[in-house]
Amino acid sequence: MKVLLNNPVNEINIKGSRFIAEVFTVTTQAEAREKLHEQKIRYSDATHVCHCFISGLKAEACGMSDDGEPSGTAGRPMLDVLKGSGITNILVTVTRYFGGTLLGTGGLVKAYGDSVKEVLALCETEEYIERSDFSFECDWGIYETIKRKIEVFHISDLTEEFATGVKLSGKIYASEYEELKEMIKNLSKGKITCI
């Protein structure tokens, strides 16, 4: 599975109707609902705010809504396109401003499906790699050594808090977590425990 690195927006116009597709990172169904609620408030003057989402490491949760469009003409084609992308932890909303010309069921299916295809084409993604949180405190005497040694690991979101000692925390590839713990323990001769 892939995850998002950006949150693009794309708009298409079909027979006067505006279709604004937006992409958001969500990790749970609750986050998807919350973001959708924000979108409905933001576009309270729109005719429809349809959506689809997929979340979970194995895409185990998904959902969609036609938001008042004829049944099966918005949410289902949107979700079908999204499922084909291989991206998880994603919400796509397509906001429609009606332009005065009816598109028919086939036209709506194509419009909503194309909206999702086009916005997904703008997405930057990376393969999902499970990460673990870590945290430990060390004294100033060993800080520089530890800092150099952990550069070999895949660490992200590293934060350092400086006080009487240094507290380091961040995320590391789950597959490297035990190795990091062991290295910290060995460097400190058992005095530092990485959690």
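This report describes helix packing and selected residues in a predicted model.

## Packing of α4 against α5

Two packed helices are described by the angle between their axes and the distance between the axes. For helix α4, residues 140–149, and helix α5, residues 177–187, the angle is about 150° and the axes lie 11 Å apart. Because angles over 145 degrees count as roughly antiparallel, α4 is roughly antiparallel to α5. The crossing of these two helices is right-handed.

On the α4 side, the contact is formed by I142, T145, I146 and K149. Helix α5 contributes M183, I184 and L187. Sorted by class, the contact of α4 with α5 comprises five nonpolar residues, one polar residue and one charged residue.

## The two sides of α4

The buried residues of α4 are I142, Y143 and I146. Viewed down the axis of α4, these buried residues fall within an arc of 125°, so they line one face of the helix. G141 and R148, on the other side of α4, are exposed.

The buried residues of α4 pack against the strands β8, β9 (155–162) and β10, and also against α5. Two of the buried residues, I142 and I146, also belong to the contact between α4 and α5.

In α5, the buried residues are Y177, L180, M183 and I184. Their directions, seen down the axis of α5, fall within an arc of 125°, so the buried residues of this helix line one face. The other side of α5 carries the exposed residues E178, E179 and N186. The cover over the buried residues of α5 includes β8 (131–138), α4 and β10 (166–173). M183 and I184, which are among the buried residues of α5, also take part in the contact with α4.

K189 lies in the segment after α5. Its relative accessibility is 74%, so K189 counts as exposed. Most residues other than glycine have a negative phi. K189 is not a glycine, yet it has a positive phi of about 55°.

## Packing of α2 against α3

The crossing of α2 with α3 is right-handed.

Within this contact, α2 supplies P77, M78, V81, L82 and S85. These residues meet V109, Y112, G113, V116, K117 and L120 of α3. The contact of α2 with α3 divides into eight nonpolar residues, two polar residues and one charged residue.

## The loop between β5 and α2

D67 lies in the loop between β5 and α2 (75–85). Its relative accessibility is 24%, so D67 counts as partly exposed. The phi of D67 is near 45°, a positive value in a residue other than glycine.

P70 is also found in the loop between β5 and α2. With a relative accessible area of 39%, P70 is partly exposed. P70 and G84 are 14 residues apart in sequence, and their C-alpha atoms are 23 Å apart in space.

H51 is found in strand β4. At 10% relative accessibility, H51 counts as buried because buried means under 20% relative accessible area. Leaving aside residues up to four places away in sequence, H51 touches L36, G63, M64, S65, G75, M78, L91, V92 and T93. Among these contacts of H51 is M78, a residue of α2 that also meets α3.

K58 is located in the loop between β4 (48–55) and β5 (61–65). Its relative accessibility is 71%, so K58 counts as exposed. K58 and M1 are separated by 57 residues in sequence, whereas their C-alpha atoms are 7.2 Å apart in space.

Methods
Residues numbered from 1 in each chain as written. Predicted model: local features only at pLDDT ≥ 70, side-chain atom pairs only at ≥ 80, totals over all residues. Heavy atoms only, no water. Axes fitted to C-alpha atoms, helices over the stretch in contact; angles between N-to-C directions. Helix = DSSP H or I, 4+ residues; strand = E, 2+ residues; numbered from the N terminus. Parallel < 35°, antiparallel > 145°, perpendicular 65-115°, else oblique. Left-handed = near helix turned anticlockwise from the far one by under 90°. Contact = heavy atoms within 4.5 Å. Nonpolar A, V, L, I, M, F, W, Y, C, P; charged D, E, K, R; others polar. Buried < 20%, exposed > 50% of the residue type's maximum accessible area, 1.4 Å probe, protein only. Arc of directions from axis to C-beta.
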